[in-house]
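Hi,

Here is the structure I said I would pass on.

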Amino acid sequence: MASDQFVKRHIGPRESEISEMCKAIGVDTPDQLIEQTVPANIKLEKPLALPPAMSEYEYLCHLRKIASKNKTFRSFIGQGYYGVAPLSVVTRNVLENPAWYTSYTPYQAEISQGRLEALLNYQTMIMSLTAMDIANASLLDESTAAAEAMIMMFNARSRAAVKAGASTLLVDNNIFLQTRDVLITRAEPLGIKIQFESFRNFVFTDRVFGAIVQYPSACGEIRDYSDVVGQAHAAGSLVAVAADLMSLALLTPPGEWGADIVFGSNQRFGLPMSFGGPHAGYFATRDELKRSMPGRIIGVSVDAQGNQALRMALQTREQHIKRERATSNICTAQALLATMSGMYAQYHGQEGIRNIARHIFSAACTFAQGVKALGYSVRHNDFFDTVRVILPANVTVETLNNLALSKGMNLWYPCLDCVSVSTDEVTTIEEINTLIEVFAVAAGMKAEPVKEFCDCLCINDKFLRKSPFLSEKVFNIYQSETDMMRYIKMLERKDFSLANGMIPLGSCTMKLNPATSMFAMSWPEFGSVHPFAPSDQTEGYSQLMEELGLALKEITGFDGISFQPNSGAAGEYAGLMVIRAYQKSRGEGHRDVTLIPASAHGTNPASSAMAGLKVVVVDCDERGNISIEDLRKKAVEHKDTLCAAMITYPSTHGVFEEAIIEMVKIIHENGGQVYMDGANMNAQVGLTSPGRIGADVCHLNLHKTFAIPHGGGGPGVGPICTAAHLTEFLPSHPVIQTGGTHGITAVAAAPYGSAHALTISHAYVMMMGAEGLTEATKMAIFNANYIAAALGEYYKILYTGANGRCAHEMILDCHAFKEAGVDESDIAKRLMDYGFHAPTLSFPVHGTLMVEPTESEPKAELDRFIDAMKSVWSEIKEVSDGEADREDNVLHNAPHTAAAVTSDDWSHKYTRTKAAFPRQWVVENKFWPAVGRVDNGYGDRNLICSCAPVDDYRAETFKFD
């Protein structure tokens with residue numbers, strides 16, 4: 001059919017502009033540039049073997065057929081995943097809005113105040129519901145949050161506990177199976193021993209450092225853990241609680257009975273089940289433990305004008321700074337999902353959330369009464385949403401399952417003589433009657449229909465919450481759709497996203513997230529599927545993952561794939577654990593050394609540490625390449641214990657290293673495996689591959705190369721691909737069969753990680769096809785070299801390849817500007833006044849900016865960026881030449897807000913026009929930073945992580961008498 005090729009819509013520069021860009025670069029064609037950039041010995045010998053590219057229309061037709069193969073049965077399975085009623089106002093204005101989903105992690109606070117406020121609201125929600133002192137801005141899921149809690153308690157041991165060898169964690173048997181599995185995975189490499197038993201049998205000896213319990217338990221029982229907490233604290237141990245967030249609207253929050261850490265999932269707060277994700281995990285703790293808490297924390301600070309401003313607090317805890325000393329390898333969160341959950345709480349407020357919780361309980365109570373009337377017994381009298389029914393001898397699980405399926409319902413069957421039913425926000429009285437009828441028919445009886453839910457709150461009074469929650473103003477003033485829509489739009493206007501302009505962040509690949517690829521994120525055929533649903537109900541997901549998996553294996557040159565890791569760092573960890581499993585199978589479990597270049601991203605050494613490996617740093621030479629001599633020396637030195645080398649390609653310095661095949665050979669000759677970090681795959685696809693280079697395993701950042709949006713700091717998806725000899729060790733799952741025949745235990749809660757987000761990468765790959773994907777890679781390299789050629793006269797390009805070319809990104813050296821009193825941070829902030837997000841700041845080299853334009857930025861935008869960078873250079877020169885004041889200049893005072901520029905008090909030694917409209921094209925489409933330069937030190941010294949102060953500030957600002 002006659003349809004546009006999507007690749008022409010995806011790639012920014014038009015064909016008519018290519019010759020002019022080639023001239024600027026100094027080549028005749030883009031292919032000539034590729035020949036000068038990519039080493040000949042690693043190039044693919046033939047094109048990728050992928051299905052022909054589909055047009056956007058053809059793809060949507062294809063996807064509709066796939067979606068129709070998913071059966072959206074009503075799932076009463078529970079176990080951490082429940083039916084919800086997503087808010088249309090949030091779906092339309094956040095999930096489906098590129099101004100929200102295309103933004104980056106809010107490292108540049110001045111142009112991120114909207115999502116920072118949304119995340120602060122989210123943190124406040126978590127603190128309020130759990131009754132804890134502080135919460136972070138989300139984690140990946142509940143199970144990995146449990147692992148983070150375990151590690152945090154382990155690292156928080158007293159000196160006496162460390163000396164006593166306290167390395168045992170007590171875990172109640174009645175936790176979700178997926179959480180149990182992830183705990184096992186994460187504990188073993190760190191030397192943590194897990195003792196699974198009933199919480200009633202916990203004994204806190206001097207060898208125990210902590211305990212984890214579920215509230216309510218996996219079987220649904222509400223339990224009194226206060227004695228356990230008391231015993232733990234008396235013995236110097238900590239207690240972490242996995243809590244159902246919605247239940248805390250009715251139940252006494254763990255913070256009120258002494259819990260040290262509370263974690264869980266936000267899925268019940270407006271996020272569809274989505275076959276397992278993406279969802280946000282939450283994490284809260286006591287004030288004394290705040291500096292040990294994993295993940296990002298949003299805090300309140302002030303800007304240069306003394307106005308309150310938000311920022312990410314305590315960033316020195318992050319893995320890219322602590323590297324192998326990191327206590328977590330977290331690189332991203334689930335910011336977009338956390339934002340949506342926070343808005344769910346804002347829209348409903350305390351009364352609405354309590355009513356939803358009451359509805360869930362009433363539905364469960366009505367069901368329990370109905371089956372009891374039929375002669376069934378219920379195992380627990382105190383429950384919130386989950387009723388465990390004991391089956392009489394004449395009723396089998398098989399009979400009950402067949403009856404339930406015939407009614408389009410899924411139940412949970414934990415053993416041969418019982419069944420669990422979990423109710424949710426959208427459970428109807430008709431569904432409860434159908435469920436009761438299923439149990440009646442199974443027992444050969446007839447049930448009378450129930451007309452309405454029971455209105456009792458028959459939970460033991462000692463378990464009932466007496467304290468208020470969500471009492472902050474922000475949870476009580478946006479409860480009409482008009483108010484909520486305008487509030488979301490107000491936050492949106494404070495944030496810079498791809499909807500505003502280029503985000504040239506090196507190592508982040510902020511490319512176009514195609515509109516067509518985002519449609520399925522709102523489709524119930526994908527959103528309403530429980531991750532533990534029977535396989536014949538998930539054939540659509542199976543086809544989609546099969547098609548995407550085949551494509552990604554072809555692209556990487558590997559044989560196996562696992563979609564389970566739900567972030568890039570999780571993929572790193574999974575890949576290393578797969579390598580360890582392989583080596584153990586060969587009697588080489590003693591191999592425990594990883595070689596990591598000094599230029600590597602901080603997650604590499606952090607992931608190695610989490611995998612129980614010792615990090616040996618390999619030097620880089622003066623050209624920024626991995627030193628072959630040092631690599632060989634250290635590989636030989638550690639040949640008896642060498643586990644792996646972690647190599648990013650092209651390098652984090654933005655260069656295709658000529659000696660990559662030799663590096664791989666050195667590692668293999670000395671007994672190690674090669675882990676290729678897939679952060680820079682956007683410069684490989686279709687030209688070379690990890691398999692072609694000789695690597696053994698790699699992870700892919702689908703939120704970079706394969707077009708999943710960053711969402712302001714998540715979701716991310718980090719599948720791993722493996723060579724044939726590692727495939728049998730791919731991650732398994734305790735509920736759904738997946739992974740290799742000797743797969744490692746789970747690395748994430750859901751069997752396929754953030755499965756719903758895979759629809760985005762599937763669309764991208766299917767619409768681009770082999771030629772389109774290859775062309776995108778070429779143009780990513782082409783655009784980067786266009787910028788490098790234009791700026792080389794003004795900024796030193798720190799590293800280039802053998803022929804003077806960069807890969808898909810470049811590092812601009814800013815050290816020379818320090819003589820004028822200007823540093824890379826000043827340049828980053830000044831670019832905001834020009835309407836650009838800053839490049840990556842001081843990574844991987846301090847005192848630099850790393851620029852990555854991607855293939856999807858148009859030439860006009862590249863030219864504006866080049867013009868802005870040249871103009872900033874001129875501004876620096878003005879300071880250096882004495883034409884501008886060394887202190888009071890546009891660079892030191894950047895960014896300039898609308899309030900500052902329009903103030904009656906303007907005392908600067910430069911004009912307002914120079915401050916706010918440095919170029920004519922800025923006038924035409926001005927983006928105003930919401931606050932002035934944020935004081936980072938103030939925010940850490942005065943740590944405030946809840947939204948009340950911001951509400952007070954807004955009340956003062958907009959108060960009319």
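The largest nonpolar core has 248 residues, and those touching the most other members are Met 125, Phe 367, Tyr 376, Phe 439, Leu 595 and Ile 827. By nonpolar core I mean buried Ala, Val, Leu, Ile, Met, Phe, Trp, Tyr and Cys residues joined through side-chain atoms within 4.5 Å, with buried being under 20% relative accessible area (1.4 Å probe, protein chains only). Helix α13 (residues 335–373) gives this core its largest share, 20 residues; helices here are DSSP runs of H or I, at least four residues, and strands are E runs of at least two, numbered from the N terminus. There is also a second, separate core of 58 residues, with Ala 145, Leu 169, Leu 576 and Tyr 675 among them.

Back to Tyr 376: beyond its neighbours within four places in sequence, its contacts (heavy atoms within 4.5 Å) include Val 389, Pro 392, Phe 439 and Ala 442.

Keep in mind that this is a predicted model, where local features need pLDDT of at least 70 and side-chain atom pairs pLDDT 80 or more, while totals for chains, interfaces and linings use all residues. Residues are numbered from 1 along each chain as its sequence is written, and side-chain values use heavy atoms, without hydrogens or water.

As for the whole protein, it has 32 helices and 26 strands. Of its 961 residues, 65% are buried. Among contacts between residues at least 6 apart in sequence, 77% join residues at least 24 apart. The C-alpha atoms fill a box of roughly 90 × 75 × 70 Å along the principal axes.

Cheers

Definitions and conventions: Buried < 20%, exposed > 50% of the residue type's maximum accessible area, 1.4 Å probe, protein only.
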